[in-house]
Amino acid sequence: MAEHSNWLEYDWQLEGEDAKFGVELSYYRKAPDEARGMLVYFCSQPREDRPLTPADIRRIDALAAKCAKRVRTMPAGFVQAGALRQYYFYVASKDEYDAIEQLAAKEKKLLCRVGGKREEDWATYFQLLYPNETKYQTVKNREQVEKLRKIGDNTEASRRINLHVCFRAEQQRLLFEEAARQAGYAIGPAEFLSEYDMPNGVVIYRISTLKREDIDGLTVRTVRLAQKLEGRLLYWDCNIVPKSVSKRY
């Protein structure tokens with residue numbers, strides 16, 4: 001893998017299909033960089049009609065590291081969908097674009113293509129690669145589920161998920177409760193969160209497993225429902241279901 005300063009990988013969708021994303025978070029505070037206003041994308045895939053293997057991915061990451069060294073900058077990120085893994089770089093000149101293109105032309109085991117365009121506003125970084133609130137929630141889901149798994153939770157078992165949502169105004173919370181009820185959630189108690197800038201909270205419930213597609217789908221729906229009323233999902237929690245227990249909650 002190319003060297004990174006503050007790298008994050010997460011799962012999301014691209015045009016309705018499952019995809020994996022990587023992004024260099026350290027660019028966020030200093031982007032867009034006027035000195036590097038050209039976007040270069042370095043796309044790699046097997047020459048045969050087959051999925052990417054772990055060996056392919058290691059080779060692609062090594063190629064990305066060579067590109068980074070040649071143009072003296074970390075990649076902005078990558079997107080992997082199907083048999084394609086595409087890295088993105090912001091470079092300073094046509095010479096640096098040409099240097100990446102030359103590396104792609106030398107690759108024999110993988111089919112590599114290079115393209116580019118002027119992108120002074122770094123739209124690809126902000127709109128495609130950098131995770132918004134909805135995307136980043138899936139990262140937090142992975143972390144929380146892994147913690148539960150390590151202490152013996154049966155993550156495939158259904159149980160009640162408690163989703164803690166907050167709003168600036170009480171009226172927004174009340175409107176959200178009605179919208180959540182219509183969307184199939186059970187409504188729990190209100191919470192006053194004096195330590196937050198959105199102190200009007202509420203707990204809503206749904207039954208779900210902790211499998212990736214289930215918990216991600218649930219939290220994404222919750223985040224989007226809250227955003228309609230300028231709210232946000234603070235966190236979720238649930239009871240532990242030991243692996244030795246088969247009862248469904």
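**Helix packing and a pocket**

Q: Is the crossing of H1 and H2 left-handed or right-handed?
A: H1 and H2 cross in a right-handed way (the near helix is turned clockwise from the far one by less than a right angle; helices are DSSP runs of H or I with at least four residues, strands are E runs of at least two, and both are numbered from the N terminus). This is a predicted model, in which local features need pLDDT of at least 70, side-chain atom pairs need 80 or more, and totals for chains, interfaces and linings use all residues. Residues are numbered from 1 along each chain, and side-chain values use heavy atoms, without hydrogens or water.

Q: What angle do they pack at?
A: Helix H1 (residues 54-71) and helix H2 (residues 94-106) pack at about 150 degrees, and their axes, which are lines fitted to C-alpha atoms, lie 10 Å apart. That makes H1 roughly antiparallel to H2 (an angle over 145 degrees).

Q: Which residues make the contact?
A: H1 brings Lys66, Cys67, Arg70 and Val71, while H2 brings Glu96, Ala99, Ile100, Gln102 and Leu103 (contact means heavy atoms within 4.5 Å). Five of these residues are nonpolar, one is polar and three are charged.

Q: New topic: what gives the most to the lining of the largest pocket?
A: Helix H6 does, with six residues, and both H6 (212-227) and strand S1 (7-14) supply at least two each. The lining divides into two nonpolar, three polar and six charged residues.

Key: Axes fitted to C-alpha atoms, helices over the stretch in contact; angles between N-to-C directions. Parallel < 35°, antiparallel > 145°, perpendicular 65-115°, else oblique. Nonpolar A, V, L, I, M, F, W, Y, C, P; charged D, E, K, R; others polar.
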